[in-house]
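The sequence and structure come first.

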Amino acid sequence: MEEKKKLTTASGIPVTNNEDSMTVGPRGPILLQDFHLHEKMAHFNRERIPERVVHAKGSGAYGTFTVTQDITSYTKAKIFNEIGKKTRLFLRFSTVGGEKGSADTERDPRGFAVKFYTEDGNWDLVGNNTPVFFVKDPKKFSDFTHTQKRDPQTNMKSATMLWDFWSLNPESLHQVLILMSDRGTPVGYRHMHGFSSHTFSFINSNNERVWTKFHFKTEQGIKNFTNDEAMRMRGEDPDFAQRDLFEAIERGDFPRWKLYIQIMTEEQAKAFRWNPFDLTKIWPQREYPLQEVGVLELNENPSNYFAEVEQAAFAPAHVIDGISYSPDKMLQGRILSYPDAHRYRLGVNYEQIPVNRCPFMVANYQRDGYMRVDGNGGSTPNYFPNSFDSIYEDESYKQPAWNLESDIADWYNRNAPGEDDHYTQPGNLFRLMTPEAKQNTIHNIVTSMKGITGSKKELIINRQLCHWFRADVQLGMAIAQGLGLNMESLSQHMPQAQ
């Protein structure tokens, strides 16, 4: 027989009436002393925490990562130290630009953030479903993100803002082309790949460092909506991706991804024809082939969305022994900004929330702050060093020193000569597409660019056309024709013979 529980206030006081307010007579005014009414309403008023500025709408699940190949020659990370080893994890997918109530099938990159609960602490691998991004310096991130949000005057999404920014920042071209392809509207979260996008580093037991990128390849197969299908699904089921993931796991159809890595030595990085730490570039797989590492499986739905998905907090700053950072400027910026965002949204003690808490040992001298719920260190000292506890610094986790290429600090042009090839990789990507994928991508670009309005419309269109032509003449020609431009206009944007 199910055990009955008394209804109580948050302080444990039994509630005698949960439906009727205390009044002066059956039709009289409410008494100020009805504390339970105040508590219910006050809590209700505060149920919505600030939503994420980006990645506001998401879905998540628990699962396991299982090692299938030996990569201990590259890294001493304990998560990879034995074939067959399983590590529990939490993965959150998301759209990037929309609000919490937006549709799951919007044309948008998708977040792919994994929290591995390892014995050396939580490792957060925070990426997207694309291997590149729109900008390569974190100082540009807020400006870019503003263009994905709402116009400050009309409070509506604006194609003019999008294309004005993109046309002024050709470094965005690679990611824009991916976004405008059908990969910009995946069929849910189970049928897309995930990428670290950033370059990280591996450190092995000999303290040798190599650079690495992470790739999660879906075992469900890639499936994308066309633009028309995605638009239709926005109306039919705006929560399509959430429903698809939750119901698949509920019925035991556990989605899986294989994890692969790319490896580049420090010597290869110095000779690479592009900056290997540029987030707008890939490492060609024919030169740096994928190496299998293991399998990620999602097999447990959260029991409470707010507690486990909404309050999940991921940070690229969270790396573990054997895995470290790189000079990727965007990564360096995210090391600061992501934990800062969580402290604003969830509070300084956000890592005590169960979904974020390391299930193994945590010992430090952090004290106090909003929502401290772990005993706050009890009677133990709150300073270091001291004569009363046994907490120590473990020198065995020390990383090898960084060998920096320069000792001069300055503001360097991110697109200086040698860093300004924004066209080769997008052009190569377009030329690799199937005829159908090319046709759909062109259609999506034309549809979006037709939304450009205002007095600068012609300037923005012409500026963006120059970028498309530099990536691939046939791509530029098709977009210009789709926009209804004549041949005389087209000749102004074609690359000139040297």
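D244 and R190 form a salt bridge, with the closest N and O atoms 2.8 Å apart; the term means a side-chain nitrogen of Lys or Arg within 4 Å of a carboxyl oxygen of Asp or Glu. The pair links distant parts of the chain, 54 residues apart: D244 is in helix α6 (residues 240–250) and R190 in the loop between α4 (173–180) and β5 (194–195). Helices (H or I, at least four residues) and strands (E, at least two) are DSSP runs, numbered from the N terminus. D244 counts as buried at 15% relative accessibility, and R190 is buried with a relative accessible area of 8%. Buried stands for under 20% relative accessible area, exposed for over 50%, and partly exposed for values in between (1.4 Å probe, protein chains only).

The model is predicted: local features need pLDDT of at least 70 and side-chain atom pairs count only at pLDDT 80 or more, while totals for chains, interfaces and linings use all residues. Residues are numbered from 1 along each chain as its sequence is written, and side-chain values use heavy atoms, with hydrogens and water left out.

The whole structure holds 26 salt bridges. Three of them are listed here.

| Pair | N to O distance |
|---|---|
| D244 and R190 | 2.8 Å |
| R463 and D164 | 3.3 Å |
| K136 and D278 | 3.4 Å |

The side chains of R463 and D164 meet in a salt bridge. R463 lies in helix α12 (residues 457–471) and D164 in helix α3 (residues 159–168), so the pair ties together parts that are 299 residues apart in sequence. R463 is partly exposed, at 21% relative accessible area, and D164 is partly exposed as well, at 30%.

K136 forms a salt bridge with D278. This pair links distant parts of the chain, 142 residues apart, with K136 in the loop between β4 (121–128) and α2 (141–148) and D278 in the loop between α7 (266–271) and β9 (291–300). Both K136 and D278 are buried.

How many cavities of 30 Å³ or more does a search of the whole structure find? The search finds two. On a 1 Å grid over the protein atoms alone, a cavity is a set of points where a 1.4 Å probe fits but cannot get out, and lining residues have an atom within 4 Å of a point. The largest cavity has a volume of about 60 Å³. Its lining includes V54, D108, F133, F134, F141, F144 and Q148, and divides into seven nonpolar, three polar and one charged residue. The second largest cavity has a volume of about 40 Å³. Residues lining the second largest cavity include E171, H174, K281, D421 and H422; by class, this lining has two nonpolar, four polar and three charged residues.

V373 lies in the loop between α9 (329–346) and α10 (424–432) and is exposed, with a relative accessible area of 56%.

A313, in the loop between α8 (305–310) and β10 (323–324), is buried at 1% relative accessibility. A313 and P339 are 26 residues apart in sequence, and their C-alpha atoms are 8.1 Å apart in space.

Conventions: On a 1 Å grid over the protein atoms alone, a cavity is a set of points where a 1.4 Å probe fits but cannot get out, and a pocket is an open set with protein on both sides within 12 Å along at least five of seven lines; lining residues have an atom within 4 Å of a point. Grid points are joined across faces, edges and corners, and a volume is the space filled by probe spheres set on the points. Ala, Val, Leu, Ile, Met, Phe, Trp, Tyr, Cys and Pro count as nonpolar, Asp, Glu, Lys and Arg as charged, and the others, Gly among them, as polar.
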